[in-house]
Amino acid sequence: MTTFGETIKQLREEQNLPQRKVAAYLDIDTSLLAKYERNVRQPSKELIIKIAALFKVNSEALISEALTDKIAYQILEEEADSKLLRVAENKVEYLKKQNNG
């Protein structure tokens with residue numbers, strides 16, 4: 001299991017690309033890319049799609065990885081336990097019904 005940041009760093013290193021070139025392609029500062037790689041910041045969905053295109057990987061997989069990181073970090077910050085995830089799952093089902101019905 002890896003984090004979004006670890007994944008994009010690994011993809012970048014596998015292609016022997018320096019951070020500055022990847023950042024230039026994404027039209028962001030190198031320091032911001034470094035923060036994404038260290039999981040200090042989370043990119044927007046649009047930027048994740050650009051990252052996926054650059055590395056020729058599935059954008060939905062990268063989006064999912066970033067979203068699960070966001071959820072995991074939020075749970076860690078709140079010092080919550082796994083019961084919270086079950087409640088959240090139930091709430092998602094409830095909200096889906098509300099939006100569809």
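Modeller: A cavity is a set of grid points where a 1.4 Å probe fits but cannot get out, and its lining residues have an atom within 4 Å of such a point. The model is predicted, and it holds 1 cavity of 30 Å³ or more. The volume of the largest cavity is about 40 Å³.

Start with the lining. Around the largest cavity stand Ile8, Arg12, Val22, Leu26, Leu33, Glu37, Ile51 and Phe55. Sorted by class, 6 of the lining residues are nonpolar and 2 are charged, with no polar residue. At least two lining residues come from each of helix 1, helix 2, helix 3 and helix 4.

Next comes the packing around that space. The largest nonpolar core has 19 residues, and those with the most contacts inside it include Ile8, Leu26, Leu33 and Ile51. Those four names also occur in the lining of the largest cavity. Two or more core residues come from each of helix 1 (4-14), helix 2 (19-26), helix 3 (30-37), helix 4 (45-55) and helix 5 (59-78). Helix 4 gives the most, with 6 residues. As a general point, nonpolar side chains in soluble globular proteins tend to be buried together.

Helix 4 deserves a look of its own. Its buried residues are Leu47, Ile48, Ile51, Ala52, Leu54 and Phe55. They lie on the same side of helix 4, because they cover an arc of only 160° around the axis. The general rule for an α-helix is 3.6 residues a turn, so residues three or four places apart point the same way. On the face turned away from the buried side, helix 4 carries the exposed residues Lys45 and Glu46. The cover over the buried residues of helix 4 includes helix 1, helix 2, helix 3 and helix 5. After helix 4 comes lysine 56, with a positive phi near 55°.

The core can also be followed from Phe4, another of the residues with the most contacts inside it. Leaving aside residues up to four places away in sequence, Phe4 touches Asn39, Pro43, Ile48, Ile51, Leu62, Glu65, Ala66 and Asp69. Among these contacts is Ile51, which also lines the largest cavity. Asp69 belongs to helix 5. Asp69 counts as buried because its relative accessible area is 7%, and the cut-off for buried is under 20%.

Finally, the loops that join the helices. Asn16 is in the loop between helix 1 and helix 2, and its phi is positive, about 55°, although it is not a glycine. Asn16 is exposed, with a relative accessible area of 68%. Pro18 lies in that loop between helix 1 and helix 2 as well, and is partly exposed at 30% relative accessibility. In the loop between helix 2 and helix 3 is Asp27, which is not a glycine either but has a positive phi of about 60°. Asp27 is exposed too, at 67% relative accessible area. Most residues other than glycine have a negative phi.

Notes. Residues numbered from 1 in each chain as written. Predicted model: local features only at pLDDT ≥ 70, side-chain atom pairs only at ≥ 80, totals over all residues. Heavy atoms only, no water. Core = buried A, V, L, I, M, F, W, Y, C linked by side-chain atoms within 4.5 Å. Buried < 20%, exposed > 50% of the residue type's maximum accessible area, 1.4 Å probe, protein only. Helix = DSSP H or I, 4+ residues; strand = E, 2+ residues; numbered from the N terminus. Contact = heavy atoms within 4.5 Å. 1 Å grid on protein atoms, 1.4 Å probe; cavity = no way out; pocket = protein on both sides within 12 Å on 5 of 7 lines; lining within 4 Å. Points joined across faces, edges and corners; volume = space filled by probe spheres on them. Nonpolar A, V, L, I, M, F, W, Y, C, P; charged D, E, K, R; others polar. Arc of directions from axis to C-beta.
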